[in-house]
Amino acid sequence: MVDLSLGAALFRSINWASVQRLILVGDSNQLLPIGRGKVFVDIIDWLIKQGSESIGILRTNLRQMENRLEGKGTGILDLANIYLREKTANTDKPNQKSNAESILARLQDEGEIDKDLRVLYWKNPAELKQKILQVIASDIEADTGKKFNHDRPYELLIKAAKGNNSNPRPSYFQVLSPYRGEEFGTENINLELQQFFNGYNVKNKGTLGGITIFDKIIQFRNRPKSDRYWAYNHESRRKEQIEVYNGELGYTKSHAYDRGWQKNGFRIQRFQAWFARKEKYWIEFNSDSDVENNIELAYAISVHKSQGSEFDRVYFILPKSKAALLSTELIYTGITRAQKHLTILAEEDVSVFVSLRRPEKSHLLAINSSLFTFRPVPDEMLQIRSWYEEGKIHRTLAEYMVRSKSEVIIANILFDRNIPFKYEVPLFASDGTFYIPDFTITWNGEQWYWEHLGLLDREDYRNHWQTKKEWYEKHFPGRLITTTESTTLSKDTKDIVDKYFS
């Protein structure tokens with residue numbers, strides 16, 4: 001998340017004469033900085049290109065191994081792996097596509113994909129609301145072994161969030177959305193969840209700035225040393241100043257002086273809040289403006305705000321009708337916020353998962369900067385939203401929009417011959433199954449499907465290809481074209497083009 005300005009400030013502030021080694025730790029697959037540049041990604045990519053011993057990439061995922069041994073499921077990590085940047089993925093490019101096809105096929109039907117992964121589909125905001133409330137309530141009942149009291153459902157939520165702790169954990173569950181507005185955005189979902197879990201207190205105790213007691217909250221204004229909160233330390237029993245920063249999660253509670261808050265007719269005029277890892281500090285809020293300038297509801301937060309955090313249960317809303325903010329980095333970040341269980345609520349069907357694997361869906365590619373070797377992004381990539389048709393390749397973008405040098409060769413030859421084609425567009429059979437051809441070509445009213453086979457020397461790849469080949473023969477006989485890795489790929493491709501498309 002370090003942008004150019006912050007990166008420059010960091011490097012200027014270091015006394016390099018006293019430094020033996022600088023260690024940077026991060027994940028270059030996650031969301032990029034809000035500001036300019038891509039400092040961490042540039043450094044990682046430069047070190048990879050140099051073949052430097054100064055870079056270490058996590059190749060053995062201990063969490064995945066533990067989950068396999070304990071039977072907890074590996075769906076979260078399996079799904080996240082198909083959205084890795086290929087420079088940091090522990091797999092060959094062609095095999096990564098094979099793995100992706102296998103996983104995406106499992107996502108077609110909603111339900112339990114693995115012990116740690118569930119996918120639900122919704123057609124409209126009303127159905128989304130119904131499903132998200134039902135699934136969260138069902139999970140909380142499963143975690144506590146008790147049924148909701150629909151008059152006071154917040155009591156069971158707090159019980160589940162506490163677990164074996166004395167205080168509820170904000171990390172117990174989290175709804176994520178890419179958007180703030182829209183009916184599937186955080187603002188609307190927060191109101192729905194507040195009404196569902198805490199409507200009793202909203203109605204009977206009132207609110208300050210839209211927040212009542214026992215609501216989950218997030219701090220959105222930095223309160224550093226120069227602007228600290230005054231808070232009551234209930235252990236030392238005195239007021240102290242504390243720093244709280246944008247993104248910290250917590251809960252509200254009744255004010256310690258309001259001992260009659262449980263009585264009928266009581267209306268709050270103040271409440272206290274505490275934040276995770278600062279539970280002993282109670283911060284007072286006593287006006288609408290005090291609340292509105294510092295905190296907001298956090299049953300649902302944006303994927304951006306969740307970066308750097310993990311939660312036991314994540315409910316990730318994935319719309320496809322508003323695609324401006326959706327990217328490969330966003331879906332990867334949303335998926336990897338879940339520590340124990342992930343529920344993805346995707347709009348309509350599996351197509352949004354397929355689309356976000358496309359190379360040009362990476363927002364990284366449209367950042368026109370580099371710390372080392374400047375490689376300007378083509379204007380077409382910077383203006384892609386004004387002309388883009390999914391799956392179609394513009395010649396100057398071929399190297400960005402296909403996954404291997406061999407596929408660039410094929411794409412460029414097709415361009416040279418003015419043969420229209422699309423790249424990695426899902427092909428559905430009559431029985432609902434699908435695969436993703438490398439190239440789909442329309443010629444004289446007929447469809448052809450071109451697959452480039454890159455790893456036939458590997459048994460797992462060959463097995464996957466044999467299954468896929470049989471699928472083509474069954475559903476699209478005589479429509480398949482293949483090429484393999486060779487030093488004569490250009491000639492082989494031209495010969496195929498002359499044979500089929502001249």
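The structure, a predicted model, holds one cavity of 30 Å³ or more. About 30 Å³ of space lies in the largest cavity, and its lining consists of V354, R357, R358, R403, E424 and I436.

- E101 belongs to helix α5, which spans residues 93-106.
- The relative accessible area of E101 is 3%, and E101 is therefore classed as buried, the cut-off being under 20%.

**Nonpolar cores**

- The largest nonpolar core comprises 51 residues.
- Within this core, the residues with the most contacts are I136, I140, F173, V175, F271 and I295.
- Helix α6 (residues 125-144) gives the most to this core, contributing seven residues.
- Setting aside neighbours within four places in sequence, I136 is in contact with F173, V175, L193, F197 and Y315.
- Another core, of 41 residues, lies apart from the largest one; L104, L330, A338 and L342 are among its members.

**Helix α18**

- Helix α18 covers residues 489-501, 13 residues in total.
- From its first C-alpha to its last, α18 reaches 17 Å, close to the 18 Å expected at 1.5 Å a residue.
- L489, T493, I496, V497 and F501 are the buried residues of α18.
- Viewed down the axis of α18, these buried residues fall within an arc of 100°, so they line one face of the helix.
- K491 and K499 are exposed on the other side of α18.
- The elements covering the buried residues of α18 include helix α16 (405-416) and the strands β17 (439-443), β18 (446-453) and β19 (480-484).

**A8 in helix α1**

- A8 is located in helix α1, residues 4-13.
- With a relative accessible area of 29%, A8 is partly exposed.
- A8 and V39 are 31 residues apart along the chain, and 9.5 Å separates their C-alpha atoms.

How values were computed
Residues numbered from 1 in each chain as written. Predicted model: local features only at pLDDT ≥ 70, side-chain atom pairs only at ≥ 80, totals over all residues. Heavy atoms only, no water. Core = buried A, V, L, I, M, F, W, Y, C linked by side-chain atoms within 4.5 Å. Buried < 20%, exposed > 50% of the residue type's maximum accessible area, 1.4 Å probe, protein only. Helix = DSSP H or I, 4+ residues; strand = E, 2+ residues; numbered from the N terminus. Contact = heavy atoms within 4.5 Å. Expected span 1.5 Å × (residues − 1). Arc of directions from axis to C-beta. 1 Å grid on protein atoms, 1.4 Å probe; cavity = no way out; pocket = protein on both sides within 12 Å on 5 of 7 lines; lining within 4 Å. Points joined across faces, edges and corners; volume = space filled by probe spheres on them.
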